[in-house]
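Please follow the account below with the sequence and the three-dimensional structure at hand. The two chains are taken in turn, from overall architecture to single residues.

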Amino acid sequence: MTELDTALADPRVGRAIELIWREAQILDAKEYPAWEELFTPDAIYVIPIDQHTGDFEASLNMVYDDARMRRMRVERMMQGYAPSAVAAARTVRTVSRFTVESVSDTEVVLRSAQILCSYKRNNFALLGAELTHTIALSADGDKIAFKVVRLLNSDDPVSASGFLP
Amino acid sequence: MIGTHKFRFKGNWKIQLENTTDGYHFPMVHKSWMASVDAETADMMSFMSDPDAVTHALGNGHSVAIMATAHMDLDEDDGTEEIQPRFYHLVDALKEDGYDDAKIRRIMRSMHGCGFNLNTFPNVAMSSAFFRVLIPISVDETEIWHMALGMDGGPEIVNQERLRIHEHFQGPFGFGSPDDAEGWERVQIGASADPAMPILVNRGLNRETTSPEGWPTSHVTDESGMRDAYAMWKRMMNVEDQL
């Protein structure tokens with residue numbers, strides 16, 4: 001096995017990582033309409049409470065967004081009516097420690113670690129999370145088909161913060 | 001109990017104590033949530049201009065704030081309320097499962113909760129379709145639990161829709177709770193500016209009446225509930241003076 005044969009050197013995986021990093025930058029910049037465009041129409045974005053569940057539909061989550069909820073969430077973040085969004089914390093995040101769950105010509109599933117630092121009213125806060133992205137590969141542009149954000153403190157208090165992890 | 005959201009805000013617990021008996025914050029603080037729900041749901045929250053929407057101070061700090069009078073009692077149904085079109089797929093699924101029309105109507109009407117907030121002093125409220133528990137962490141930090149309610153043994157498909165409705169408003173990434181929390185933190189900051197400044201809770205004092213049960217009663221946007229809670233708190237904090 002040569003160096004270039006590693007899973008992370010697979011160009012399909014490289015495309016997926018590039019999209020995930022672009023998403024991270026867009027979320028830090030709070031460019032939510034651009035963020036919405038990153039998803040496939042049937043994509044789900046979920047922030048579960050239960051640390052282990054895979055049955056998100058039957059569980060209470062912090063976020064369980066299909067296209068309809070995502071549309072409304074983006075509208076809410078942008079329209080200026082929500083004081084928490086208007087006064088949202090500034091954020092900067094790094095996504096790394098990628099591992100490849102599966103890869104094909106049409107789909108890549110990646111797990112990663114996210115360290116998100118937020119700042120508001122003289123307070124820094126740290127939010128760690130395990131991410132799982134399912135990226136749909138297409139000649140028309142790669143999209144996020146599924147995103148799960150497992151916050152380290154998901155089953156303990158999570159402070160309302162005006163940004164998206 | 002089908003799930004619990006937990007979050008904290010940097011403020012005194014009494015700021016939150018006011019929330020479930022505070023009708024007037026809703027159209028301003030929750031304008032973004034109002035904009036995202038269908039017209040029927042928004043209509044249910046039209047208590048600002050509904051003279052039948054009242055608050056009763058029940059004594060010992062307890063109160064009930066009635067927002068949606070048509071949802072006070074599930075057994076009382078004048079048949080005028082229409083099921084929202086976006087829930088028709090649930091109606092169809094329940095029909096297929098053999099539920100009769102009356103039962104389906106009852107299940108669907110219950111989805112948005114009981115139409116009132118029952119505030120039990122000092123720290124538990126039943127608000128619409130969930131329980132809210134306040135846990136003071138320190139003088140300027142409070143933890144809140146929002147516990148979603150479902151139907152024990154009821155159809156799973158409807159309980160799942162109740163989870164989605166709860167997620168829509170509640171929790172750290174809901175369309176409602178973060179805006180509440182932002183407001184409470186600003187109140188805490190503002191209150192620190194002059195700790196000796198009196199807090200006014202006199203809204204509706206001029207139009208407060210006594211109900212047949214003997215409860216001080218005013219409009220749901222008035223502060224009868226808050227007055228009762230603060231009076232009880234002062235009574236408890238001054239207990240040594242009474243000995």
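Chain A has four helices and six strands; helices (H or I, at least four residues) and strands (E, at least two) are DSSP runs, numbered from the N terminus. Read from the N terminus, the elements of chain A follow the order α-α-β-β-α-α-β-β-β-β. The radius of gyration of chain A is 16 Å, close to the 15 Å that the globule rule gives for 165 residues, so chain A is as compact as a globular protein of that length. This radius is taken over C-alpha atoms, and the globule rule is 2.2 Å times the number of residues to the power 0.38. Along the principal axes, the C-alpha atoms of chain A fill a box of roughly 50 × 30 × 30 Å.

The model is predicted: local features need pLDDT of at least 70, side-chain atom pairs count only at pLDDT 80 or more, and totals for chains, interfaces and linings use all residues, while side-chain values use heavy atoms, with hydrogens and water left out. Residues are numbered from 1 along each chain as its sequence is written, and chains are lettered from A and ligands numbered from 1 in the order in which they are written.

Of the 165 residues of chain A, 48% count as buried; buried means under 20% relative accessible area, exposed over 50%, and partly exposed in between (1.4 Å probe, protein chains only). Among contacts (heavy atoms within 4.5 Å) in chain A between residues at least 6 apart in sequence, 57% join residues at least 24 apart. Chain A exposes about 8,000 Å², of which carbon and sulfur atoms supply 53%; accessible areas come from the Shrake-Rupley method with a 1.4 Å probe, and for residues only the protein chains shown count as cover. The mean positions of the 18 positive and 24 negative charges of chain A are 8 Å apart. Lys and Arg count as positive and Asp and Glu as negative, with His and the chain ends not counted; each charge is placed at NZ of Lys, CZ of Arg, CG of Asp or CD of Glu.

Arg121(A) is not a glycine, yet has a positive phi of about 50°. Its relative accessible area is 35%, so Arg121(A) is partly exposed.

Chain B has 10 helices and nine strands. Its radius of gyration is 19 Å, close to the 18 Å from the globule rule for 243 residues, so chain B is as compact as a globular protein of that length. Of these 243 residues, 52% count as buried. Residues 24 or more positions apart account for 64% of the contacts in chain B with a separation of 6 or more. In chain B, the mean positions of the 20 positive and 38 negative charges are 4 Å apart.

Helix H8 of chain B (residues 177–192) has 16 residues, which at 1.5 Å a residue should span 22 Å; its end C-alpha atoms are 23 Å apart, which agrees. The expected span is 1.5 Å times one less than the number of residues. Among the buried residues of H8(B) are Trp184(B), Glu185(B) and Gln188(B).

Two loops of chain B complete the picture. Asn60(B), in the loop between strand S2 (54–59) and strand S3 (62–66), has a positive phi near 55° and is partly exposed, with a relative accessible area of 45%. Pro122(B) is placed in the loop between strand S4 (116–120) and strand S5 (124–127), and a cis peptide bond with omega of about 0° joins Phe121(B) to Pro122(B).
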